[in-house]
Amino acid sequence: MLPGGVTLDGKPEFFRVVRLTHQQWENAARDLLLLPQASGLSSGFAPDPPDGKFPNNERALYVTETLWTDYQRVAEKLAEQVATDATALARLGSAQDSAGFIRKLGHTAYRRALSPEEEQRYTARFAAGPEFFGSGNAFADGARLVIESLLQSPNFLYRVELTAKGQRLSGAELATKLSLLFRDAPPDAALLTSAEQGALGDDAKMKAVAGQLLDGGGARPVVERFHSQLFGLGRYTSIAKDAQRFPTYVAESLNANLAQADLLFFDRIFEAGQGFRDIMTSRLGFVNQESAPFYGLTATGNTLSEVMLDESRPGFLTRLGFLAQNATLQDPDPIHRGVDITRRLLCVTLVPPAGVIPPLPAAVPGQTNRERVQAHTGEGVCGGCHNTLINPLGFAFEGFDAVGKARTMDANKPVDTNGAYDFGGGSVPFKNAAELSALLAESQQAHGCYAANLTEFALARDVAGGDGATVTALQDASVKDKRSLKDTLLAIVSSKEFTTALGGAP
């Protein structure tokens, strides 16, 4: 257990062979074949099943019979497209140097140099190409068969680690692991070559190269994806509101704006060298003419512009997306707001009571939303979690309605946003969402939860007790030193958990 109470109870497998995600496959195929853009063919693959909090978790990335058929079908299609396009084929090599073609393409596909035996096998396949396709162009036919084979090789489809257990991963293995994390793609030729020459040979070198990757701008989609998955931004597509009560909430366009605004917020936190504390307290926001009125602002145009929100809007939890997602068609939903914070920000496991959980009954005249929730969740088997973990956190946001707009009255009564929560050192009171956000920004538990989640994402596996020292160090640096998101990522990729072969025999 981390200081502050977060438990690292995952069950990592430490697999030595981990399949590429579909996005990584797209980028790997693009880079291998020097395509001008990703093919988009993975959209026809069997979807990546989620396992754990993030879909890049090692346990989720297995190959089903259906997916293997997908790989074969797409390999054949891409190989044919490239081999029958003289310009595309010429980008990969010269017809006068089939050995160089095989060596270069194999090095890119395998993320390491081919062994002499592997070169021999691909040379034999190249020679057999004309027998398979008979186009009259021996180089094109040989290249087509080699490309088909490479695209279906486990060395292409998987991230492979062959280093002995307990030893530092090889330069090529580290380059692959690092690039897949920060670029969602295998290493380019420059990174792979430099890694093979020792550029990642110790932690200081590793951190320096990783810093260059993070500073280059290519890591932005990865940082966005981590926060999108952690905070469930994909759910925004299903936000719906009562058209009579909220006639200006046009879900089709506004929902996409809210998700993009949150991604821009997380981008700016990363680019500004900020960290978890700022995610909870920054008043930075992004609005356009459609979303601005819900914040009490005005804006022109459809482009999201940066604004500074007022003191009642610190951090991610006061943004329209989080508030509107965790609300009903007509009313704010303090239960789901509290559950989201409890699970995603504090890493508390909530076990629902047995049986069917009944919905809240309709409010009676004169009853506030808070009074309605308290009346039906404050006693019995539900009372334990609701009174101490869920409701207090959710009630802090009663000052925002079902679309996230500020409000002061409910059922002709002043809204009550007071509460208290035990962050590990006793119950601490707060008056509203701003005060709660400030408490979360200083909470060991919240910093530890964020550090554990980021570590799980970066390692692409569950975190468990054996990772405790590293995650505790990340937590402490985040709390005490106000370590940035970038520096936290650099600490993770230079840790033994990232750089050492931890699995069993390959």
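## Overall form

The model is predicted. Of the 506 residues in the protein, 52% are buried.

The protein contains 22 helices and 8 strands. Its radius of gyration is 26 Å, close to the 23 Å from the globule rule for 506 residues, so the protein is as compact as a globular protein of that length. Along the principal axes, the C-alpha atoms occupy a box of roughly 85 × 50 × 45 Å. Among contacts with a separation of 6 or more, 68% are between residues 24 or more positions apart.

## Aspartate 242

Aspartate 242 sits in the loop that runs between helix H11 (220-231) and helix H12 (251-271). This residue is buried but forms no salt bridge. Arginine 245 is the nearest side chain of opposite charge, at 5.8 Å, and a salt bridge requires a distance within 4 Å.

A polar atom of the aspartate 242 side chain lies 2.8 Å from the backbone nitrogen of glutamine 244. The side chains of aspartate 242 and glutamine 330 are joined by a polar contact of 2.9 Å. Leaving aside residues up to four places away in sequence, aspartate 242 touches Leu329 and Gln330.

## Glutamate 398

Glutamate 398 belongs to the loop between helix H17 (383-395) and strand S5 (409-410). Its relative accessible area is 2%, so glutamate 398 is buried, the cut-off being under 20%.

A polar contact of 3.2 Å links the side chains of glutamate 398 and asparagine 369. Beyond residues up to four places away in sequence, glutamate 398 touches several residues, including Pro332, Pro334, Arg370, Arg407 and Asp410.

Notes: Residues are numbered from 1 along each chain as its sequence is written. This is a predicted model: local features need pLDDT of at least 70, side-chain atom pairs count only at pLDDT 80 or more; totals for chains, interfaces and linings use all residues. Side-chain values use heavy atoms; hydrogens and water are left out. Helices (H or I, at least four residues) and strands (E, at least two) are DSSP runs, numbered from the N terminus. Buried means under 20% relative accessible area, exposed over 50%, partly exposed in between (1.4 Å probe, protein chains only). Lys and Arg count as positive and Asp and Glu as negative; His and the chain ends are not counted. A polar contact is a pair of N or O atoms within 3.5 Å; within protein, one must be able to donate a hydrogen and the other to accept it, and residues adjacent in sequence count only if both atoms are side-chain atoms. Contact means heavy atoms within 4.5 Å. The radius of gyration is taken over C-alpha atoms; the globule rule is 2.2 Å times the number of residues to the power 0.38.
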